[in-house]
Amino acid sequence: MTQAQQIRYDFDSILERHGSTSIKWHEIEEEMGPDSRDVVPLSVADMEFKPAPEIVEALVTSAANDVFGYDYATDDYFAALTGWMSRRHGFDMDPSWVSLSDGVMPAINTALRAVTHPGDKVIIQRPVYYPFTYAAERNGLTILDNELFLDEAAGRYAIDFDDLESKASDPRTTAMILCNPHNPVGRVWTADELRRIGDICLKHGVIVLCDEIHADFAYPGHQVTMFSALGEEYAANVFEFTAPTKTFNLAGLLCSNVIIPNCDLKRRFDIAAENIGGLTVSHFGLVACQAAYNHAAEWLDELMIVLERNLGLVREFAEHTDGIRLIEPEGTYLAWIDCRGLGFASPEALRTFLREKGRVWFDEGSLFGHSGDYFERVNLACPTAMLERVLTRLGQALASRR
């Protein structure tokens, strides 16, 4: 059976998103003007696909029948969440561990306020999702960068554990923000790597804030390990940030679940949330999450086929284009592209070339820290025909430089 025969959902239609409320389409026109309608954004990590029809059906039914007052998460909601974690990740969790939030980043900020004080130090691992930097700085924390290093021969990022130990041992270091799978470099940290991180943090009294929003995306040969599944001692020292929003393209519905097995940490998180008026999930977020976890697994399975196909196109393009290398992702729907070999004088020059000559808008690597300079993050969650058009244009633009 071919991949095309296996797919019954629509991942081929190219949606018209000009003039919509989409941030990533709007920012192109805002910066480049009205003559930029041909520029394609493969940047912000939401998808160019409509959500699963099973989710849409649940939302339509809710819109027609529900009253939109103050909500609470029902037993059925928690059954959907715990069932998903068990089926997809082999992670058996207790619903009492869960606190709700409208998003992962509001929850991370709340957790930082719960367990740190201004002047404390927090570890992050650049190049990394840039809102981690904002969260640390805006909460008055000093960033310690346990920079990931790229094994040039293997084309794979790794953790400098000696440096991590040194930074964790600083008595002012109280937290570490961990990304698994890692955005943008695509690593799915192994259970052994996670356990080693956990051991260092336990030894030095550093609490782990683990962003697992991409946990449902792993390519063949890789398995995402939920941090709490490592064992009780690790579960007692972590906030895990999960959401259906990345998996099912529901970011605008504002829904996130924070898993906090340690009842004292959960109490501190809930108090910090109450101090800013409370964190909650929108009515439609609750409806969509429950429908997604109960009924949309097949949609995700088919999406993974599309993502693997698109990744194959980027891999082939990189293999046949001098100066470009794909850092093979193990998870996420993002590709991390090494453009150092193209010889641009600055990251800004590379960005300008891609937008003005290539007519494509990626997330430039410098957003993720200086170690991301001359890299580009490419969103693979788009119709294959859209990606093919982008790669053709880019190839032609690069050929014109020679």
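This is a predicted model: local features need pLDDT of at least 70, side-chain atom pairs count only at pLDDT 80 or more; totals for chains, interfaces and linings use all residues.

**Exercise 1. Which residues line the largest cavity, and how do they divide by class?**

Step 1: list the lining. Val314, Phe317, Ile324, Ile337, Cys339, Leu342, Leu354, Phe362, Glu376, Val378, Leu391 and Leu394 line the largest cavity. On a 1 Å grid over the protein atoms alone, a cavity is a set of points where a 1.4 Å probe fits but cannot get out, and lining residues have an atom within 4 Å of a point.

Step 2: find the elements. Two or more lining residues come from each of α13 (297-319), β15 (375-379) and α15 (384-401). Helices (H or I, at least four residues) and strands (E, at least two) are DSSP runs, numbered from the N terminus.

Step 3: sort by class. You get eleven nonpolar, no polar and one charged. Ala, Val, Leu, Ile, Met, Phe, Trp, Tyr, Cys and Pro count as nonpolar, Asp, Glu, Lys and Arg as charged, and the others, Gly among them, as polar.

Residues are numbered from 1 along each chain as its sequence is written, and side-chain values use heavy atoms, with hydrogens and water left out.

**Exercise 2. Where does the largest pocket lie relative to domain 1 and domain 2?**

Step 1: Domain 1 is 23-52 + 296-401 and domain 2 is 54-295, with bounds from an automatic or database domain assignment. Their centres, taken over C-alpha atoms, are 26 Å apart. Domain 1 puts 36 residues into the contact and domain 2 puts in 40; contact means heavy atoms within 4.5 Å.

Step 2: A pocket is an open set of points with protein on both sides within 12 Å along at least five of seven lines.

Step 3: look at the lining. Of its 43 residues, Val44, Ala45, Asp46, Ala251 and Gly252 are the closest to the centre. α5 gives the most of any element, with three residues. The classes come out as 23 nonpolar, ten polar and ten charged.

Step 4: conclude. Both domains give residues to the lining, so the largest pocket lies between them.

**Exercise 3. Is Asn249 buried or exposed, and what does Asn249 touch?**

Step 1: locate Asn249, in the loop between α10 and β10 (256-259).

Step 2: check accessibility. Asn249 is at 17% relative accessibility, so it counts as buried (under 20% relative accessible area; exposed is over 50%, partly exposed in between; 1.4 Å probe, protein chains only).

Step 3: list the neighbours. Leaving out residues up to four places away in sequence, Asn249 touches Asp46, Met47, Phe49 and Pro244. A polar atom of the Asn249 side chain lies 2.9 Å from the backbone nitrogen of Met47.

Notes:
A polar contact is a pair of N or O atoms within 3.5 Å; within protein, one must be able to donate a hydrogen and the other to accept it, and residues adjacent in sequence count only if both atoms are side-chain atoms.
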